[in-house]
Amino acid sequence: GLFVTDYFTRTPRKLSPFRSFASIELFHFHIPEDTVIAVWNLITFKEQGGTFGDQCPDRSITVYFRSGAPSVINPLHTHFPRDTAVPGSFALTLTWTLPNRTTGVFNVTSPLPGDWFLAAHLPKDEGKISVKGLYEECQYLFQPQLIVQRLVNIAVLYPGHVTEQSMAPHNRSCLYKVFVPSYTSRVLVEVLRCRGAEGCPLWLRVRAKAPPLHNSTTLDCREHTPCQLAQDLPFWQHWYYVLVEKHPGVPGTISFQVTVQLTDCSRPSLARPPFLPSSASMNMPHSFGSVGGLALGDSPPPTSPNDTKHPVPIPVNLHTEERCWPVRPTLRNELDTFSVHFYIFFGPNVSVPPDRPAVFVINLLPVLDSGGVLNLELRLNVSSLCGENVTVFGCLNHGVPLTSGDNTSVTCETESLAGFLLSVNATASLSRLRIPYPQTGSWYLSLRSLCATEHGFEPCTNVTAEVYLRAYLSPCINDCGIYGQCKLLRTNNYLYAACECKAGWNGWGCTDNAEAFSYGFQLLSTLLLCLSNVMFVPPVAIAVRSHYLLEAAVYIFTMFFSTFYHACDQPGIVVFCIMEYDVLQFCDFLGSLMSVWVTVIAMARLQPIVKQASVLYLLGAMLLSMALQMDRHGLWNLLGPSLFALGIMAVAWTARTIRRRHCYPPTWKRWAFYLCPGALIAAAAVLLYAFVETEENYFYIHSIWHLLIAGSVGFLLPPRAKPSRRLGPLPRRKGCGYQLCVNEQEELGLVDPAVASINSICTS
């Protein structure tokens with residue numbers, strides 16, 4: 001056959017340590033139909049400061065694969081919420097083969113067509129809070145690439161038609177496909193008139209949605225006569241692939257015939273009509289392959305007028321008990337993203353008769369609905385049971401309803417079909433089911449009522465149970481509860497939702513309280529972070545006493561907004577917000593930086609040097625507001641204005657030192673008891689904030705930060721300036737006179753008018 005190779009790649013993304021599904025990186029791929037092999041090339045490399053991160057530590061990278069929807073992962077082994085079904089997925093761990101680069105390969109033979117999702121993350125870290133821009137962070141970048149190889153022009157089998165095929169000695173297999181429409185209860189594939197070798201040395205394999213594998217449903221035609229392979233309860237609206245494979249070591253050419261018979265369960269006594277229908281009449285896709293056989297590695301044979309592709313009647317043993325009941329549709333009502341309700345016509349109360357099941361279909365749209373949670377709720381009306389011991393069973397299956405003729409069966413699984421079981425009775429009248437990240441397509445719910453007896457469950461007589469049915473799609477499970485936040489995430493054009501837990505809670509729905517903070521602990525952490533701001537009261541008192549009213553106002557502003565910001569920033573339930581969180585955060589950051597700015601400007605004592613020193617206060621407020629708006633967590637956006645203020649102070653102190661010819665401030669007591677302790681306290685606060693603070697110790701380390709910063713302000717704020725007693729200008733006499741100009745008042749003493757220098761002499 002003819003193979004076509006397709007190549008797909010994605011942009012490298014930075015991986016994060018795993019905390020919840022909101023911290024993973026999700027990649028979306030689409031595998032076309034008729035794909036025989038898919039190869040993912042997983043490239044990972046390190047970066048640090050824009051260069052290769054050879055010095056970065058090796059951290060393992062876990063990658064998850066799933067078809068149809070994102071993987072539901074649980075690397076921390078937390079507990080899922082009750083009534084939650086967890087679908088499986090593939091997992092792969094990448095190890096480093098080079099100092100700064102590694103590559104992994106993941107092969108899938110005959111993958112299912114449609115959407116595939118890859119999720120990748122780093123291991124959980126210790127939760128250190130790092131200051132952005134303080135040092136070059138190690139980045140781990142992950143880039144998946146997909147190479148698929150697919151067959152074109154696969155032969156299509158039409159129900160009721162015989163297709164002849166000859167398999168040359170150098171060919172080992174022939175591949176076909178047949179489309180199975182809705183309301184099909186059985187697919188029967190048969191190999192006829194096998195010639196060219198003794199005993200028909202062929203294997204017959206059948207698989208839904210993708211070409212068969214070695215572990216697919218297989219039949220050895222040498223051991224079974226006739227060579228018939230049946231698939232009960234096939235998936236509706238999907239392709240079924242038929243592989244006829246020759247035994248190894250068989251010489252010569254083998255010729256045979258292949259036919260497919262579909263049983264229409266809505267008409268159990270009839271099979272599909274044995275004539276070639278149109279695509280629309282069979283509900284088939286219009287993109288058809290070629291009619292006839294195609295051997296792998298061979299080109300399509302030419303069609304001759306004598307080729308037997310005409311209808312041939314085939315006797316089929318139909319089971320009269322194979323029936324499918326009418327499927328009731330649901331009305332889709334979209335309220336918001338991942339907020340969809342499925343309403344039942346003439347519902348939501350459903351009557352379940354004793355002699356037949358009630359079947360409903362829920363259609364999930366491709367891509368749009370797979371990023372949420374499918375919720376199903378059954379509530380039994382006990383008063384409708386008339387005192388009978390009735391149990392209503394519900395089977396939720398994907399692709400096809402499970403309506404077997406065995407009424408006593410209470411399972412929702414077959415050899416090729418897996419489903420979810422729900423049950424309600426007089427004792428337990430409520431049952432729920434949650435499926436995170438469900439596969440898209442048609443989900444079928446079959447409800448049937450059975451009566452419990454001493455010998456098990458038996459069909460009920462003259463009892464029609466009434467059930468309240470509710471089906472809906474939600475972004476997260478129970479909106480992540482009170483200890484979580486449901487986040488809407490996006491990767492390229494794909495949307496999905498995930499919970500981000502807080503206050504030590506974990507799990508898919510933030511319901512695992514193994515490491516949860518108690519109420520007392522939450523209250524203690526909130527009080528520590530809020531009440532530690534009371535330490536700003538002494539600096540306010542010192543500033544008011546020293547007539548630094550502007551500085552006192554800034555300290556009061558900082559104390560107020562820092563207190564209420566931390567009261568609103570708590571992860572648990574001890575939260576109090578007086579305004580929007582973003583406003584509180586901006587005011588807290590602005591107040592903290594303005595406190596540093598006005599304190600340093602006050603220490604510079606610019607008023608005797610610069611006439612309009614108040615301009616610097618306004619300039620600082622504008623610069624800090626701009627820096628916070630650009631990046632509130634950037635190091636240099638916040639450190640730059642502070643260094644600028646320190647530079648102004650250094651220039652002012654240097655100018656005084658040069659003019660006085662001795663160090664400024666001149667007294668050793670000022671250095672020993674105020675400046676040095678204040679600088680050491682401030683440096684200790686910065687070191688704690690930058691290198692010690694983590695998520696676990698945040699509440700008390702940050703409280704110590706408040707105490708130290710406020711304490712350092714009390715030490716560093718300069719004392720009250722002595723009042724200036726300048727000499728006014730002497731009254732001018734008429735005629736010749738003198739004008740005395742006195743030098744500026746020095747800070748530590750007054751200038752004696754007797755020794756004032758005469759700067760200018762003017763005559764009248």
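I'll start with the second largest pocket, which holds about 1,400 Å³ of space. Its lining comprises 41 residues, and the ones closest to the centre are L112, F235, S416, L417 and A418. Keep in mind that this is a predicted model.

By residue class, the lining of this pocket splits into 22 nonpolar, 14 polar and 5 charged. As for where the lining comes from, at least two residues each are supplied by strand 6 (61–67), strand 8 (101–109), strand 15 (202–208), strand 17 (227–232) and strand 27 (419–424). Strand 8 contributes the most, with 4 residues.

Strand 9 covers residues 114–121, runs antiparallel to strand 3 and is joined to strand 3 by 7 bridges. In this pair, E25 stands opposite A120 of strand 9.

Last, the helices. Helix 7 (residues 668–692) and helix 8 (residues 698–716) have axes that come within 8 Å and cross at roughly 155°. Angles over 145 degrees count as roughly antiparallel, so helix 7 is roughly antiparallel to helix 8. The crossing of the two helices is left-handed. What residue classes make up the contact of helix 7 with helix 8? The contact has 20 nonpolar residues, 3 polar and 1 charged.

Key. Residues are numbered from 1 along each chain as its sequence is written. This is a predicted model: local features need pLDDT of at least 70, side-chain atom pairs count only at pLDDT 80 or more; totals for chains, interfaces and linings use all residues. Side-chain values use heavy atoms; hydrogens and water are left out. Axes are lines fitted to C-alpha atoms, for helices over the stretch in contact, and angles run from 0 to 180 degrees between N-to-C directions. Angles under 35 degrees count as roughly parallel, over 145 as roughly antiparallel, 65 to 115 as roughly perpendicular and the rest as oblique. A crossing is left-handed if the near helix is turned anticlockwise from the far one by less than a right angle, and right-handed if clockwise. Ala, Val, Leu, Ile, Met, Phe, Trp, Tyr, Cys and Pro count as nonpolar, Asp, Glu, Lys and Arg as charged, and the others, Gly among them, as polar. On a 1 Å grid over the protein atoms alone, a cavity is a set of points where a 1.4 Å probe fits but cannot get out, and a pocket is an open set with protein on both sides within 12 Å along at least five of seven lines; lining residues have an atom within 4 Å of a point. Grid points are joined across faces, edges and corners, and a volume is the space filled by probe spheres set on the points. Two strands pair if DSSP finds at least two bridges between them.
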